[in-house]
Amino acid sequence: MSEYWRGDFETGNRAQYSTMFGSTAAVGRTSYPQSNPTPLQGKYCCRIELRPGELHSDGTSRLQLRGIVKAGHSAYFERGEHLWFRYAIMIGAETAIYEAISNPWRAITAWPSVGDGAFSPSKMFCQRISGVDQIYFGGDSGISGANDHLQGTAVSNPQKMVWYEF
């Protein structure tokens, strides 16, 4: 086995990612501090701050990093490939988690099946449902524009300023 891609921000910038897009204001506020209060590893992290009402040109409230580019492929992952992921997230102290948000909701990360991200059968997202904050797994079943479906709970009542590794 060999490492396919790494996006740990140890470059001190977003050089490991092919694209960053979303709210122009949020892009301008993205930083790569060395003084992360509780580092998971290394010395850099990425701090993303998206404020209410900040919209991308498509009308969605988001800031997105894309990391994997496969030249000559319409899909990021091909049928029959065997891939393993390691992913970690810390929810900031000031982050608000809201009751059910209409689709698309607070996606943390997604593994799209096509280059433009139109289909994301596998996602992680943070949402409050029935008064309980949770980090969920879900996806759109590979159908563009379809509502995402819950596939499982990863963490119930996640604490802020704590690392969660998957």
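**Briefing: fold, sheet and aromatic pairs**

The chain's secondary structure amounts to one helix and eight strands. The model is predicted. In sequence order, the elements follow the pattern β-α-β-β-β-β-β-β-β. The points below cover the chain as a whole, one of its sheets, and its aromatic pairs.

**Chain as a whole**

- The chain has 166 residues, and 31% of them count as buried.
- Its accessible surface is about 10100 Å², with 52% of that area belonging to carbon and sulfur atoms.
- Taking contacts between residues at least 6 apart in sequence, 48% join residues that are at least 24 apart.

- Four strands make up an open sheet in the order 4-5-6-7, and their pairing is antiparallel.
- Strand 4 (107-111) and strand 7 (149-156) are the edge strands; each has a single partner strand, so one side of each has no neighbour in the sheet.
- From one strand to the next, the twist averages 30°.
- Strands 6 and 7 run antiparallel and are joined by six bridges.
- G139 has H149 in strand 7 as its bridge partner.
- In general, strands of a sheet pair through backbone hydrogen bonds, in either a parallel or an antiparallel arrangement.

**Aromatic pairs**

- Counting ring centres within 6.5 Å as a pair, the model has four aromatic pairs.
- One of these is F9 with Y17, a stacked pair with 5.0 Å from centre to centre and 15° between the planes.
- Both F9 and Y17 are buried.
- Another pair is F137 with F166: the ring centres are 6.0 Å apart and the planes stand at 85°, so this pair is edge-to-face, the cut-off for that class being over 60 degrees.
- F137 and F166 link distant parts of the chain, 29 residues apart. F137 lies in strand 6 (residues 132-139), while F166 lies in the segment after strand 8 (163-165).
- F137 has a relative accessibility of 27% and therefore counts as partly exposed.
- F166, at 26% relative accessibility, also counts as partly exposed. The class runs between the limits for buried, under 20%, and exposed, over 50%.
- F9 and Y17 also belong, together with Y32, to one aromatic cluster.

Technical notes:
Residues are numbered from 1 along each chain as its sequence is written. This is a predicted model: local features need pLDDT of at least 70, side-chain atom pairs count only at pLDDT 80 or more; totals for chains, interfaces and linings use all residues. Side-chain values use heavy atoms; hydrogens and water are left out. Rings of Phe, Tyr and Trp (its six-membered ring) pair if their centres lie within 6.5 Å; planes under 30 degrees apart count as stacked, over 60 as edge-to-face and the rest as tilted. Buried means under 20% relative accessible area, exposed over 50%, partly exposed in between (1.4 Å probe, protein chains only). Helices (H or I, at least four residues) and strands (E, at least two) are DSSP runs, numbered from the N terminus. Two strands pair if DSSP finds at least two bridges between them. Axes are lines fitted to C-alpha atoms, for helices over the stretch in contact, and angles run from 0 to 180 degrees between N-to-C directions. Contact means heavy atoms within 4.5 Å. Accessible areas come from the Shrake-Rupley method with a 1.4 Å probe; for residues, only the protein chains shown count as cover.
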